[in-house]
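Colleague: I'm new to this one, and I'd like to know how you get from the numbers to the words. Can we go through it step by step?

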Amino acid sequence: MLDISKIADEADVIISGFAVKEKEDGFYVYNLNNAEGVALFTKDGTLAETNMDDIELAMAKKNLLESKKYIGA
């Protein structure tokens, strides 16, 4: 299980319950309402890995696209 509090503290942006963190290998999107939900997107926005269901993943991708303008990516 993920440490939601630590993830939220270290996030670059939090939108609608999803925390986005930019790292060297891409963007990690964490569902703060589901301690197990995480998706890794490459720098170009391609999904690399996830354990989210389809609805959760669609919301994660939408929030990633919105958060990029705040991150400066």
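Colleague: Where does Ser16 lie?

Modeller: Ser16 is in the loop between β1 (13–15) and β2 (18–23). Bear in mind that this is a predicted model. Ser16 also has a positive phi, about 50 degrees, although it is not a glycine.

Colleague: Why is Ser16 called exposed?

Modeller: The relative accessible area of Ser16 is 60%. Exposed means over 50%, so Ser16 gets that word.

Colleague: What makes Lys21 and Asp12 a salt bridge?

Modeller: Their side chains meet at 3.8 Å, N to O. The cut-off is within 4 Å, so the pair counts as a salt bridge. Lys21 has 24% relative accessibility and counts as partly exposed, and Asp12, at 39%, is partly exposed too.

Colleague: How many salt bridges are there by this rule?

Modeller: The count is three. Lys43 and Glu22 make one of them, at 2.8 Å from N to O. Lys43 lies in the loop between β4 (38–41) and β5 (47–50) while Glu22 is in strand β2, so this pair ties together parts that are 21 residues apart in sequence.

Colleague: Why do you call Glu22 partly exposed?

Modeller: Glu22 has a relative accessible area of 29%. Buried would need under 20% and exposed over 50%, so Glu22 falls in between.

Colleague: And what separates Glu66 and Lys62?

Modeller: About one helical turn, because they are four residues apart in helix α2 (residues 54–71).

Colleague: On to the rings. Why are Tyr28 and Tyr30 called stacked?

Modeller: Their centres are 6.3 Å apart and their planes are at 15 degrees. A pair needs centres within 6.5 Å, and stacked needs planes under 30 degrees apart, so both tests are passed. By this rule the count is one aromatic pair.

Colleague: Are those two tyrosines, Tyr28 and Tyr30, buried or exposed?

Modeller: Both Tyr28 and Tyr30 are buried.

Colleague: How do you know that the charged end of Lys23 sits over the ring of Tyr28?

Modeller: The charged end of Lys23 is 4.8 Å from the centre of that ring, and the limit is within 6 Å. The rule also asks for a position within 35 degrees of the ring normal.

Colleague: Which ring does the charged end of Lys43 sit over?

Modeller: The ring of Phe27, with 5.4 Å to the centre.

Conventions. Residues are numbered from 1 along each chain as its sequence is written. This is a predicted model: local features need pLDDT of at least 70, side-chain atom pairs count only at pLDDT 80 or more; totals for chains, interfaces and linings use all residues. Side-chain values use heavy atoms; hydrogens and water are left out. Helices (H or I, at least four residues) and strands (E, at least two) are DSSP runs, numbered from the N terminus. Buried means under 20% relative accessible area, exposed over 50%, partly exposed in between (1.4 Å probe, protein chains only). Rings of Phe, Tyr and Trp (its six-membered ring) pair if their centres lie within 6.5 Å; planes under 30 degrees apart count as stacked, over 60 as edge-to-face and the rest as tilted.
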